[in-house]
Amino acid sequence: MAEDPGQTSQVRLAFQIGYIGTAFFGSQYQPDRRTIEGEIEAACIRAGIITNRQESRLALSGRTDRGVHARCQILALSTSNPDRAIRAINGQLPPDIWVTSWSYAPETFYPRYDVINRTYRFYFSQVPSDIDAMKDVAPLFLGKHDFTCFARIEPGKTPEKTIDAVEISYDESGLWLEITAQSFLWHMVRCIASSLIQVSEGTLSRSGLEKYLSGACKNKIKPAPPDGLILWDVKTDLDWQEMNVPGFKTRRLQNQAEELLLLGKVYSLLVP
């Protein structure tokens, strides 16, 4: 375990967490819905780690929509019981949320603004008809663009974002889009994935995509379904220490994966 920074009152901790988003109404707290933040707050209160979300400044590095998953989301909170937090949090969280590592963080650390970049992966449910066409246009997203046509723009938000890396890859797990930026707009990655599917199908040309990237469009791109989207990685300069994920969590996830594979096979056999 890393050396305790010596703070005797509140200690700021960061955790790398993962989750299956299927049964959640997104990550952001909602009082009458099951959310990632809501489950984390409840788990931490049960364990005596925090008294409430506001006083602990509990926050995530980014908002994920309903049905979106995470391999690496950053959670930060302040607690007067850091040892208990590190020891107990995994056991208190539900099976579809888990913690893989932890770190001490500066008292002012706020994960939504203090991370270096974020990487998303979008897995396509079917192999598109023209992967080469998708790979050909993917570099168009690199750099700074007006993503008005690719996102829901919240009041006060700029539609301009800078993409640091984008790649289309394929292996035995399927075909995916991987995209990295310091920050993203609401629905942005899903809309980019949807536009690439249109390019593959021949319903969106390269010049049409370039026009969309200038911010000019009559109709915005509709987002692809959330099921295949994963917050893959969030880069920070924190010193991470690994944590063991309880066996009951990994066994349950493995069992669910096997059940879903079987269900997919049954569905494919029954298609008229």
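Hi everyone, let's start with a charged pair: R206 forms a salt bridge with D136, and the closest N and O atoms are 3.1 Å apart. This pair links distant parts of the chain, with R206 in helix α6 (residues 206-212) and D136 in helix α4 (residues 131-137), 70 residues apart. R206 is partly exposed, with a relative accessible area of 38%, and D136 is partly exposed too, at 47%. Please keep in mind that this is a predicted model.

Why might such residues sit together at all? Side chains of opposite charge can pair when their charged atoms come close. In this structure the count comes to nine salt bridges, and I'll walk you through some of them.

Next, have a look at E160 and K144, whose side chains meet in a salt bridge at 3.4 Å, N to O. Here E160 belongs to strand β7 (residues 160-171) and K144 to strand β6 (residues 143-146), 16 residues apart. E160 is partly exposed, with a relative accessible area of 39%, whereas K144 counts as exposed because its relative accessibility is 56%.

Now for a pair in another setting. R190 forms a salt bridge with D65, with 3.3 Å between the closest N and O atoms. It again links distant parts of the chain: R190 is in helix α5 (residues 188-201), D65 is in the loop between β2 and β3, and they are 125 residues apart. Are R190 and D65 buried or exposed? Both are buried. For D65 the relative accessibility is 16%, under the 20% cut-off, so D65 counts as buried.

D65 also carries a label: an unreviewed UniProt entry gives it the annotation "active site". Leaving out residues up to four places away in sequence, D65 touches G26, W186, H187 and R190, so you can pick out its salt-bridge partner in that list.

You'll find Y120 in strand β5 (residues 117-123), and because its relative accessibility is 9%, Y120 counts as buried. Which residues does Y120 touch, not counting those up to four places away in sequence? The contacts are R63, T64, L177, E178, I179, F184, V189, L229, I230, L231 and W232.

Let's move on to helix α1 (residues 36-46). Eight of its eleven residues are buried, so α1 is largely enclosed by the rest of the structure. The buried ones are I36, E37, G38, E39, I40, E41, A43 and C44. Around them, the packing partners are β1 (11-19), α2 (53-56), β2 (59-60), β3 (69-79), α3 (82-92) and β4 (97-104).

What caps the N-terminal end of α1? That is T35, with a side-chain oxygen 3.0 Å from the backbone nitrogen of G38. After the helix comes G48, whose phi is positive, near 75°. One of the buried α1 residues, E39, is also linked with R34 and D96 in a network of salt bridges.

Finally, the outside. A nonpolar surface patch of about 760 Å² is made by L260, L262, L263, V266, Y267, L269 and L270. L270 is found in helix α7 (residues 247-270), and L270 counts as exposed because its relative accessibility is 62%.

Conventions: Residues are numbered from 1 along each chain as its sequence is written. This is a predicted model: local features need pLDDT of at least 70, side-chain atom pairs count only at pLDDT 80 or more; totals for chains, interfaces and linings use all residues. Side-chain values use heavy atoms; hydrogens and water are left out. Patches are made of residues with over 30% relative accessible area and no salt bridge: like charges are joined within 9 Å, nonpolar side chains (Val, Leu, Ile, Met, Phe, Trp, Tyr) within 5 Å. Accessible areas come from the Shrake-Rupley method with a 1.4 Å probe; for residues, only the protein chains shown count as cover. A salt bridge is a side-chain nitrogen of Lys or Arg within 4 Å of a carboxyl oxygen of Asp or Glu. Helices (H or I, at least four residues) and strands (E, at least two) are DSSP runs, numbered from the N terminus. Buried means under 20% relative accessible area, exposed over 50%, partly exposed in between (1.4 Å probe, protein chains only). Contact means heavy atoms within 4.5 Å. A polar contact is a pair of N or O atoms within 3.5 Å; within protein, one must be able to donate a hydrogen and the other to accept it, and residues adjacent in sequence count only if both atoms are side-chain atoms. UniProt positions are given in the numbering used here, feature names are shortened, and annotations may be inferred rather than shown by experiment.
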